Amino acid sequence: MALTDLTSPKPDSPADAGGAALAGAESAVTIFVCVTCRGGRPLDLVPVPGAALAEATARAADGTGITVRRVRCLANCNRGLSAAMRRDGGWTYVFGYLDPITAADTLIAGAKLFAQAPDGLMPWRGRPEALKRGLIARTPPFDFFGAPE
Ligand code: FES
């Protein structure tokens, strides 16, 4: 899949998050990988670790239906390599401390889980450990008006 160039908080339960139940099928997930992250590595290191992670993630996404896009900075710069993940009708997640070697497969595994979640939340159970430990934040979907009282 080609890259498009664009310049413990658990549990994740619908009741806790106020997530709306969505009927049915898989939703398309987009992963945004920061290509300017260096993860504490030297400024002159080439390729930039974030860019290498973006390329590896795009390769890992090939044939999955998952979209991978490049982004310059997610404002998560002090927390290692970073990526965000979102889907229609779902929450948006920001992850940090991603491993430059293993994170591509980790992100794809998380995206597959996320795509199948009926409530628009990435399930905690079965989520790759790196996406538990590295969870920085999640933000609600556009049509979210608050958790029920
Ligand atoms: S440089 Fe990657 S989050 Fe800022």
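Tutor: Let's start with a term: two strands pair if DSSP finds at least two bridges between them. Keep in mind that this is a predicted model.

Student: Okay, so what makes strand 2 and strand 3 a pair?

Tutor: Five bridges join strand 2 (residues 29–34) to strand 3, and the cut-off is at least two, so they pair. The two strands run parallel. One of the contacts has Val33 with Arg70 as its bridge partner in strand 3.

Student: What do strand 2, helix 2 and strand 3 make together?

Tutor: A right-handed β-α-β unit. The hand is called right because, with the strands pointing away from you, the path from the first strand over the helix to the second runs clockwise.

Student: Back to Arg70. Why is its contact with Glu55 called a salt bridge?

Tutor: The side chains come to 3.4 Å, N to O. The limit is within 4 Å, for a nitrogen of Lys or Arg and a carboxyl oxygen of Asp or Glu, so the pair qualifies. It links distant parts of the chain: Arg70 sits in strand 3 (residues 67–71) and Glu55 in helix 2 (residues 49–61), 15 residues apart.

Student: How many salt bridges does the structure hold?

Tutor: Two. Besides Arg70 and Glu55, the side chains of Lys132 and Glu129 meet at 3.5 Å, N to O. That is within 4 Å, so this pair counts too.

Student: What makes strand 4 and strand 5 a pair?

Tutor: Strand 4 (residues 81–87) and strand 5 (residues 92–98) share four bridges in the antiparallel sense, and at least two are needed, so they pair. Leu81 stands opposite Leu98 in strand 5. Their hairpin has four residues between the strands, and Gly89 takes a positive phi near 70° there.

Definitions and conventions: Residues are numbered from 1 along each chain as its sequence is written. This is a predicted model: local features need pLDDT of at least 70, side-chain atom pairs count only at pLDDT 80 or more; totals for chains, interfaces and linings use all residues. Side-chain values use heavy atoms; hydrogens and water are left out.
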